[in-house]
Amino acid sequence: MATSLHFLSPSCLTVTSKLKTLSLNNNSSSHPNLTAYSSLSFSTNLSHNVFSKGPLTMSTLQRPNRHSVVCEAAPPTKKADSAAKRARQAEKRRIYNKAKKSEVRTRMRKVLESLDGLKKKPDAQAEEVISIEKLIAEAYSAIDKAVKAGSLHRNTGARRKSRLARRKKAVEIHHGWYTPTAAAEATTA
């Protein structure tokens with residue numbers, strides 16, 4: 001009865017540096033899986049755990065007239081690259097930030113369209129500004145949330161809120177519902 005060692009995969013040959021301690025000796029009691037093969041065992045320098053973990057597997061085959069030990073080395077599983085992880089995270093943030101910015105633009109557009117409609121309306125009443133002020137409050141809230149989440153810079157958020165407030169004041173001045181005082185005009189001039 002002949003005992004032979006077969007390498008089925010060419011990638012197993014690349015692992016030969018790890019298997020230099022593989023030897024044929026008569027110490028089969030240390031490895032219960034190999035008790036049937038008294039002429040084949042592994043030296044004490046090589047643990048059987050090498051074959052149970054990682055990309056290297058070992059199994060025994062019984063063929064007529066001979067016993068074979070088959071060593072197969074699977075290609076190592078590639079771990080997630082840190083660059084790939086950063087790309088995934090950046091994509092998640094991009095989608096999140098896009099949604100926040102889109103909400104801010106939508107709210108601002110609604111306010112600006114309402115203010116333009118009110119400015120063009122010749123018989124507008126001062127009470128109509130109240131509904132626009134609710135829209136402005138919603139826009140301010142969306143801007144503040146975007147700034148808090150980091151989607152917008154705080155100066156950008158302040159500038160957009162200021163733009164809405166100036167536009168509202170311009171409409172109020174246009175219809176005569178608000179008259180700036182002389183002190184306010186002197187500080188702006």
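Angles under 35 degrees between axes count as roughly parallel, over 145 as roughly antiparallel, 65 to 115 as roughly perpendicular, and the rest as oblique.

First, the ground rules. This is a predicted model, where local features need pLDDT of at least 70, side-chain atom pairs count only at pLDDT 80 or more, and totals for chains, interfaces and linings use all residues. Numbering starts from 1 along each chain as its sequence is written, and side-chain values use heavy atoms, with hydrogens and water left out.

Helices are DSSP runs of H or I, at least four residues, numbered from the N terminus. Take α3, residues 82-120, and α5, residues 154-175. Their axes come within 10 Å and cross at roughly 10 degrees. Axes are lines fitted to C-alpha atoms over the stretch in contact, with angles from 0 to 180 degrees between N-to-C directions. So α3 and α5 are roughly parallel to each other.

Who touches whom? Contact means heavy atoms within 4.5 Å. On α3, the contact includes Val-104, Met-108 and Leu-115. On α5, Arg-160, Leu-164 and Val-171 are among them.

Now α4, residues 128-149. Which of its residues are buried, meaning under 20% relative accessible area with a 1.4 Å probe, protein chains only? Val-129, Ile-132, Ile-136, Ala-139, Ala-142, Ile-143 and Ala-146. Seen down the axis, they fall within an arc of 130 degrees, taken from the directions from the helix axis to the C-beta atoms, so they line one face of α4. These buried residues pack against α3 and α5. On the other side of α4, Lys-134 and Lys-148 are exposed, meaning over 50%.

After α4 comes Gly-150, with a positive phi near 90 degrees.

Key
Helix = DSSP H or I, 4+ residues; strand = E, 2+ residues; numbered from the N terminus. Expected span 1.5 Å × (residues − 1).
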